[in-house]
Amino acid sequence: MEFIRINGTAVRLTGFHQRTVEQVDGPPLRELELVVIVRGTLAHRSLLELMAQNRFVVDLPADTDGAQWTTL
C-alpha cells in the first residue's frame, strides 16, 4: 500500500500496521497505525490542516489496483 486518503486527500504512506485488541468489558478494538513522513514546511502545514478538520476519515485501498476503497 503506497497511498491512502485522509479526508479525501491522497497521502503517501511510509508504514502501516493493523491489529485487533480484545477487551474484557467490551467489543474488540481495531487499531490502525499509519506512518507518514512529511518533508518540507508546506507539506507539514497541509497535513496539519487535514488533521485539524472536525471529521477524520481514512480511506484504505481495498484491492491492489486502487479501484475500491475501505473507509474507516
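Which residue in β5 is the bridge partner of Ile6?

The model is a predicted one. Its chain has a mean pLDDT of 88, and 99% of the residues score at least 70. Strand β3, residues 15-21, has the highest mean pLDDT among the elements, at 91, while β1 has the lowest, at 88.

The secondary structure consists of 6 strands and 1 helix. Along the sequence these elements come in the order β-β-β-β-α-β-β.

Now look at strand β5, which covers residues 58-61. Strand β1, residues 3-6, pairs with β5 in the antiparallel sense, and the pairing has 2 bridges. Here the opening question is settled: the partner of Ile6 in β5 is Val58. Strand β5 is also joined to β6, residues 69-71, by 3 bridges, and these two strands run antiparallel. In that pairing, Pro61 has Trp69 of β6 as its bridge partner. In general, the side chains of a regular strand alternate between the two faces of the sheet.

Next, consider the chain as a whole. Its C-alpha atoms fill a box of roughly 45 × 30 × 20 Å along the principal axes. The radius of gyration is 14 Å, whereas a compact globule of 72 residues would have one near 11 Å. Of the 72 residues, 17% count as buried. The chain exposes about 5,600 Å², and 51% of that area comes from carbon and sulfur atoms.

Finally, there are the contacts along the chain. Among those between residues at least 6 apart in sequence, 34% join residues at least 24 apart.

Conventions: Residues are numbered from 1 along each chain as its sequence is written. This is a predicted model: local features need pLDDT of at least 70, side-chain atom pairs count only at pLDDT 80 or more; totals for chains, interfaces and linings use all residues. Side-chain values use heavy atoms; hydrogens and water are left out. Two strands pair if DSSP finds at least two bridges between them. Helices (H or I, at least four residues) and strands (E, at least two) are DSSP runs, numbered from the N terminus. pLDDT is the predictor's confidence in each residue, from 0 to 100. The radius of gyration is taken over C-alpha atoms; the globule rule is 2.2 Å times the number of residues to the power 0.38. Buried means under 20% relative accessible area, exposed over 50%, partly exposed in between (1.4 Å probe, protein chains only). Contact means heavy atoms within 4.5 Å. Accessible areas come from the Shrake-Rupley method with a 1.4 Å probe; for residues, only the protein chains shown count as cover.
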